[in-house]
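This report is intended for a reader new to the structure shown below. Please keep the sequence and the model in view while reading.

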Amino acid sequence: MYRVPGFLGGQMGVAKYTKDKKDGIQDVILQSGISVKTAYTPKDLEEVGFDYQKDLGDPGTYPFTRGIHPKGYRSRAWTTRQYTGFGTPLETNERFKLMISHGQTGLNVAFDLPSQMGLDSDDPRAEGEVGRVGMAVDSLRDFEIAFNGIALDKIGVGLTINAVASIMLAMFQAMAAKYGYTKDQISATPQNDILKEMIGRGAWIFPIEPAISLIGDTIEYSMKELPKCNPVSVCGYHIRESGATPAQEIAYAILIANAYIDEVVARGYGAEDFVGRFSFNINIFGNLWEQVAKFRVARKLWAINLKEKYGIINDKNMYFRGLFGGGGYGLTKAQPENNIIRGAYYALAAALGGAQTTALCSFDEAYTIPTPRAALLSLRTLEILMEEVGLRDTVDPLAGSYFIETLTKQMEEKIHQEMKEVEDLGGIVRAVAQGYIQKKVSRQAYEFEKAVQDGELIKVGVNKYVEGEEEDVALHEYRDASADEKIQALKELRRERSDKEVARTLKALEGAVADKKNVMPFLVECCQAYCTVGEMTDVFKQAYGEFEEPSIF
Amino acid sequence: MISDKKKSRIRVLIAKPGLDGHDRGAKVVAHALRDAGMEVVYTGLHQSVESIVQAALQEAVDVIGLSIMSGAHLPICKKLKNLLAEKGLDDKLVVVGGVIPQRDIPALKALGISGVFPGGTPFSVPIEFINTNIK
């Protein structure tokens, strides 16, 4: 028996400030539903039962609340990984090199929507979308061009791809091999989190079960073949963008990660052998203190979860390694230059929260994908934090603050409540299949929006200090010609490749799917034969069918 | 006749055309229109223009609201308007919201899409627009 959720009414998921007539703040309730007091003292720590060893531990020690490295940013500044990609692989390759030449230390590849949805550039459904919000990828040839001249033994590559992550990871390996890198030299992090796509971002293709099984295949394969790859980056990020509170963001991310662990454990592996390669993608917009508490407690809860639920004993495997970044929903279309300042504060939250990796949405992204100038400004924001204002000086600088430690404890409690609610519904997979989480976060998004429109929640430039006139921003121009060039290149590829090899490898993939074998080695062969993303995806679609969205009301 | 139609609830189809899956805006607007007394049908994601027109016909809606964040609003709107004309559904009010740069609004209006509501538009604007334009 499962509880049937009733109408999700009321004002949920919205921070609330109560003020007196003189604009004095009377009461603060954070988005996660935690009240903030006027001042905090040692008594608050006593009340929440704060215990240094149990709740924090020294940096680099269990439960890692203070960070996963004993020296934090002293030993290594965060990796910067701006989300990059547009047009043809050649255009994207140039942008990658530009960002790296300006000090960026990792890559995070943006794919266009057809690629994310497993459609080739010449598919009629791709019309108008080729190369628009990311790079168009049809085959291994595109990866060869996109990563030409990039030192893949030094630069780790995030691949923002989900439904077809298995295909892109296989393609990445095939490409790296062509450039002479061995499997143990390359580090790729495909996003590969399908449950969050079903909750928020919407780039799903296959039904839940086979989609999770494909994730299981990538984890299993990475464990054996790609020791430096992080096969999954669980994204609380997009769930929060869709309307979740910070507490829900972490609660759902941990439950989703557990669903993927369970998939692989059910295949007979010990969690100890693969969980160390899990990573997370967490959002940074919103109340500064609430985000810092969220990052700190996320590390703790993940470590406890792994230790207690999965019996993990190796410290290294308990690390909550994360990209804390983005912040898209906090940015506004009105007075876009304000987003530069917002971004700086959001990035500060990430730094105070001890992010290993970061990226920042650019100020013009409420309009379109960023110009090089906007992308570089984001990168500079991240560099200034690390190199100018002292964020590398000491580890977890807010530790011991009466307020932050109280809040961190209270966040923990909230996250537990959110997790329990989902578990009572029969678990995260069921809650997503039935649309419960989707309903909840979309309703919250609506409440949030109403609060902004009613002026209850202040957004500078939107409902306060409004200027009226729309600012003139230089925008990234979509080049229609790059779609034509891409389609032309795909036609050439189809002419030049060996049809026999394509047919043979696709047939083998079909067989692997039918026999429920791990598809990864077969995908690598398909990629090497220059099968297209669309062709490989079609094999899966034939076997699995497609996901059906539950109702939102 | 006019007063008859006014009395019944306005029926709106909120549609997500194309491949983009960012549906926070679509869902939020769906909630807002519903709270404003309209009957709202949401197509879900990844709809082709053909399936949107089909749904509009099937659900006998008065308004089609498109939510587009991918930048492909011009080609999508053009295709939709053409297909509506082909099917004799010119009377449907088409409105569009999402990531729509100011500079593209004249081109959308030229396509016959009079209600363009870029991100950040208060709910009251499309609600009022629909209420005045559905007679």
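## Contact between the chains

The contact takes 34 residues from chain A and 29 residues from chain B, two residues being in contact if their C-beta atoms, placed from the backbone, lie within 7 Å. On the chain B side, helix 2 (24-35) and helix 4 (73-86) are the elements that give two or more residues; helix 2 of chain B supplies the largest share, six residues. Helices (H or I, at least four residues) and strands (E, at least two) are DSSP runs, numbered from the N terminus.

## Basis of the model

This is a predicted model, in which local features need pLDDT of at least 70 and side-chain atom pairs count only at pLDDT 80 or more, while totals for chains, interfaces and linings use all residues. Residues are numbered from 1 along each chain as its sequence is written, and chains are lettered from A and ligands numbered from 1 in the order in which they are written.

## Helix 3 of chain B

Helix 3 (residues 49-58) of chain B has the buried residues Val49(B), Ile52(B), Val53(B) and Ala56(B). A residue is buried if 20 or more other C-beta atoms lie within 10 Å of its own, exposed if 12 or fewer, and partly exposed in between. Seen down the helix axis, these buried residues fall within an arc of 95° (taken from the directions from the axis to the C-beta atoms), so they line one face of the helix.

They pack against strand 1 (11-15), strand 3 (63-68) and helix 4 of chain B. The face turned away from the buried side carries the exposed residues Glu50(B) and Gln58(B). Just after helix 3 of chain B, Ala60(B) takes a positive phi of about 50°.
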